[in-house]
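Reader: Hello! Could you walk me through the side chains and backbone of this model?

Author: Gladly, let us look together.

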Amino acid sequence: GGAICFVGCLMASYLSFGIQPVFFVGRFTTGFGVGVSCFALPVYNGEISTPSIRGATGSLFQLNVVIGGFVACVITLLNDHWKF
């Protein structure tokens, strides 16, 4: 999932150079990589963890996703001059 996100980010930023279809494909690839990661990582954690901590690993993954979204929102709210 991480490699897919990396390729998508490269396509959406450095490789597009104003070419709109390349930018859209890069955004789609990045979203696909994030989707793969959000599906595969909790399944992998559930498979390799012991039964006593299996629920905690799934809950902590979801908690980290929510905390990351909250921090991103706070940074965006505090930074008023992010537009070019």
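Reader: How many aromatic pairs does the structure hold?

Author: A word on the basis: this is a predicted model, where local features need pLDDT of at least 70 and side-chain atom pairs count only at pLDDT 80 or more, while totals for chains, interfaces and linings use all residues. Residues are numbered from 1 along each chain as its sequence is written, and side-chain values use heavy atoms, with hydrogens and water left out. Rings of Phe, Tyr and Trp (its six-membered ring) pair if their centres lie within 6.5 Å. The number of aromatic pairs here is 1.

Reader: Is the pair of Phe 23 and Phe 24 stacked, edge-to-face or tilted?

Author: Planes under 30 degrees apart count as stacked, over 60 as edge-to-face and the rest as tilted. The ring centres of Phe 23 and Phe 24 are 6.0 Å apart and their planes stand at 55°, so the pair is tilted.

Reader: Is Phe 17 buried or exposed?

Author: Buried means under 20% relative accessible area, exposed over 50%, and partly exposed in between (1.4 Å probe, protein chains only). Phe 17 has 70% relative accessibility, so it counts as exposed.

Reader: What is the phi of Phe 17?

Author: Phe 17 sits in the loop between α1 (2-13) and α2 (20-48); helices (H or I, at least four residues) are DSSP runs, numbered from the N terminus. Most residues other than glycine have a negative phi. Phe 17 is not a glycine, yet its phi is positive, at about 45°.

Key:
Helices (H or I, at least four residues) and strands (E, at least two) are DSSP runs, numbered from the N terminus.
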